[in-house]
Amino acid sequence: MIRHIHVTAVFILVIESTFGLEPPQDVKIVESDLQWKPPNDDNVLYSLQYKLNSKSEDEWLNVSSHIGTKLKSFRITPEFYGAVFRVRSEKEKHISEWQYSNPVQCLNVESCVPVMNLNVKPEMVHLTMTHMDRSLEKEYGEHVEFNVSYWKKDNRGYPEVQSIIISRNEDIVNLEPWQNYCFQAEYLLFEKPYGNPSEEKCEIIPERSEAVKRRVFFYSILATVLVSAMCGACIFLLFKHHKKVKQCLQPLHLEIPDHYLEVLYNGFPLEACPSPSSQSLRSYDMITVMEHSNVEENCQKEEQEKRSST
Ligand SMILES: *[C@@H]1O[C@H](CO)[C@@H](O)[C@H](O)[C@H]1NC(C)=O
Ligand SMILES: *[C@@H]1O[C@H](CO)[C@@H](O)[C@H](O)[C@H]1NC(C)=O
């Protein structure tokens, strides 16, 4: 018997020296526990390391509580989301190969939040829900749902929160245009809240284009009516105070000295250019008439612009 044990021990020693120490077996994450099975040797110690991003080239860091200890499991906390672990056996001078775990997923930490995408459309929001990873969906299938709450942000006092339970995509309709709506989602697992709520996302809801068009049309008609009324009033005033306007303009014109006018008319044959004093009265009539027609033209232009912009 003793001899048998001796032979086995020698055999193990031979294996260890030629093939190295046997590494931990069956490294896996069960819920939030990283576990491994020890080889058939009580004197083996383990060292555990991790890397927060499984794909990065960063160096491996020690899990300080699990360096050269007999512990055979590790409780995974939320800050290790996305990390990978590796563990090896150590005995005296011997060390085994590293054994690697899968990355830590939502199933292993309760800290995952739903990923919510908002696509804002007139008077509605199209919600698309996804996960940080697919582990919950794989494990629980249709028992994973989302409880989406939404409320108007600048509602004075305590906002009225509405909620809707959805499984993937959903339209939230009949939202008030120009209001700032906030949305927040939380996991439901078997209809019970799970994990933390996502961050709030707020969006201003646009108006339907028909409503915008209708309002633009209304305002343009209103503007046209106003401008027409103002033009009408101007024309009326001009007609009514026809004489006064003429008198107002007269002294202005007369201030221009005759020799200036001569210079102005210099290029023209003298016969074709009547004397400024006899011209004066008639030119005021022209100014008045031109002013009327200018005003009318402007009105027409404005109306045309208004019409073409609608
Ligand atoms: C991890 O711990 C081992 C043993 O204590 C030490 O030799 C090594 O330098 C440590 N590694 C890091 C990255 O701290
Ligand atoms: C969904 O969220 C709302 C608002 O937070 C809450 O009142 C409601 O109870 C939740 N529904 C479920 C099924 O947990």
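1. Ground rules. Residues count from 1 along each chain as its sequence is written, chains are lettered from A, and ligands are numbered from 1 in the order in which they are written. The model is predicted, so local features need pLDDT of at least 70 and side-chain atom pairs count only at pLDDT 80 or more, while totals for chains, interfaces and linings use all residues.

2. The three-stranded sheet. The sheet is open, antiparallel in its pairing, and ordered β1-β2-β5. Strands β1 (25–30) and β5 (73–75) stand at the edges with a single partner strand each, so one side of each lacks a neighbour in the sheet. From one strand to the next the twist averages 10°. Axes here are lines fitted to C-alpha atoms, and angles run from 0 to 180 degrees between N-to-C directions. Strands are DSSP runs of E, at least two residues, and helices runs of H or I, at least four; both are numbered from the N terminus. Two strands pair if DSSP finds at least two bridges between them.

3. The β1/β2 pair. Four bridges link β1 to β2 (residues 33–37), in the antiparallel sense. Gln-25 has Lys-37 of β2 as its bridge partner.

4. The β9/β10 hairpin. Strand β9 (residues 115–121) pairs antiparallel with β10 over seven bridges. Leu-118 bridges to Leu-127 in β10. Two residues separate the strands of this hairpin, and Glu-123 in the turn has a positive phi of about 60°.

5. The two faces of β10. In a regular strand, side chains alternate between the two faces of the sheet. Within β10 (residues 124–130), Val-125, Leu-127 and Met-129 point to one face and are buried. Buried means 20 or more other C-beta atoms, placed from the backbone, within 10 Å of the residue's own.

6. The other partner strand. β10 also joins β13 (residues 169–172) through four bridges, running antiparallel. Thr-128 has Asn-169 of β13 as its bridge partner.

7. Helix α3. Its 32 residues (209–240) should span 46 Å at 1.5 Å a residue, and the end C-alpha atoms are 46 Å apart, which agrees. The expected span is 1.5 Å times one less than the number of residues.

8. Ligand sites. Around ligand 1 are Glu-59, Leu-61, Asn-62 and Ile-67. Ligand 2 is surrounded by Asn-147, Ser-149, Val-161, Ser-163, Leu-188, Glu-191 and Pro-193. A residue counts as near if its C-beta atom, placed from the backbone, lies within 6 Å.

Key
A residue is buried if 20 or more other C-beta atoms lie within 10 Å of its own, exposed if 12 or fewer, and partly exposed in between; C-beta atoms are placed from the backbone.
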